[in-house]
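Let's take a walk through this protein together. Keep the sequence and the 3D view side by side as you read.

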Amino acid sequence: MSKALDGLKILDFTHVQSGPTCTQLLAWMGADVIKVERPGVGDATRKQLVDVEGADSLYFTMLNHNKRSLTLNSKNETGKKVLERLVKECDVLVENFAPGALDRMGFSWERIQELNPRMIMASVKGFGPGPYEDCKVYENVAQCAGGSASTTGFRDGPPLVTGAQIGDSGTGLHLALGITAALLQREKTGRGQKVLAPMQDSVLNLCRVKLRDQQRLQHGPLKEYTQDGEGVEFGEATPRAGNDSGGGQPGKILKCKGWETDPNAYTYFITQAAVWQKICDVIDKPEWKEDPEYATPPARLTKLNGIFGEIEKWTMTKTKYEVMDICNPLDIPVGPILSMKEIAEEPSLRETGTIVEVDHPERGKYLTVGCPIKLSDSEVEVTRSPLLGEHTDEILADVLGYSADEIAEIHESGAV
Ligand code: CAO
């Protein structure tokens, strides 16, 4: 079967998490991703969070599937010449160096355009143009600067970062979309372009509803936040709302059977208006169906804590899976809090290729997250991440057309 991005060559100058997430997705969709790494060193994550001595870490392997690795010193004269040829050959250059690093290597946007006017140059940076554009940024800095941390956590606690890597992987996703759009535009214009996905902007995009609430605050209290029903006044900014949904359908995390010993024996329960009557029956509160104090969504808003308290009395008598089994057929939206252990063992995720077992020559078998986007005409086969420089000679010969003698000279120069 052909793949959506067959024939596309990506010059992958990414490292750590944000950029590699993007190029891994493009590789899964069929692009030939050539990961350029410093000779003898490679992506720093290869040797971070090491669990199997001598093997590439899971941090690296889980972000670099389906790529080829080329070692190249881009600051060495021969290395620069090789890189120039790669720029001419490839369709997209993806990078997430610290600001200015590519310019310092001698590969400014102007120079890249000179070498290949069709080149799409895609970058992740911590911040867009402005006072912080020169800053180095990691995941949690982006979560804080993008509005996520200030709106995550409980009202009486400090700001919280979330385990979902919205700064790194979230930005990688944004960049991948920018690249595919630029490729489509190139079909019409024949020209490449720069694509920039700043981490602050990407996090903010994912926190869009919290900026919505910031503006709603100017017109009165946020009635969907339980603090309103508790009589706690709002400050100037969108508050942390714990596990409140804060949206049009109130929801909360509730204890389930076994919560005393199992940290994940909880469910998310949504009191969707359309199924309120069924909820009343399930929790044995039929009198709430007609009671004007409870019968309408606006009437319920001021009593959310009490309502969820009653629902929790019921969920505590059931496991999180029983809650799901009872509520789903009634169209009541609920979701078990699944641990990573449970997710790793979930058969349906294995069947769809979202959890995949991969074999690696240094570390043996390990689990990874496969491609979360499913294209019906472009199947994904997850292959292991490359060893450092595993494909150097292959790429020099097949992609750049160097002869065996020329490859030997490149090795002698110390460029690879
Ligand atoms: N050959 C020669 N030199 C190379 C090279 C190669 N193949 N690959 C990288 N280098 C050099 C770079 O040119 C740079 O040199 P200069 O400092 O002289 O310009 C140097 O290696 C270090 O690059 P860096 O500054 O990007 O790396 P760092 O570890 O110091 O910083 C990070 C890491 C992530 C903070 C920074 O890259 C960054 O802010 N990136 C943008 C935001 C981002 O993506 N953050 C997410 C990180 S987690 O996904």
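Two strands count as paired if DSSP finds at least two bridges between them. Strands (E, at least two residues) and helices (H or I, at least four) are DSSP runs numbered from the N terminus. What you're looking at is a predicted model, where local features need pLDDT of at least 70, side-chain atom pairs count only at pLDDT 80 or more, and totals for chains, interfaces and linings use all residues. Residues are numbered from 1 along each chain as its sequence is written, and side-chain values use heavy atoms, leaving out hydrogens and water.

Start with the big picture. The protein has 18 helices and eleven strands, and its C-alpha trace spans about 85 × 45 × 40 Å along the principal axes. Out of 416 residues, 46% are buried, meaning under 20% relative accessible area, while exposed is over 50% and partly exposed sits in between (1.4 Å probe, protein chains only).

Now find strand 1 (residues 9–13), which runs parallel to strand 2 over four bridges. L11 has I34 of strand 2 as its bridge partner. Strand 2 (residues 32–37) is largely enclosed by the rest of the structure, because five of its six residues are buried.

Next, hop to helix 16 (residues 347–351), where P347 sits. P347 counts as partly exposed because its relative accessibility is 47%.

With 54% relative accessibility, E409 counts as exposed.
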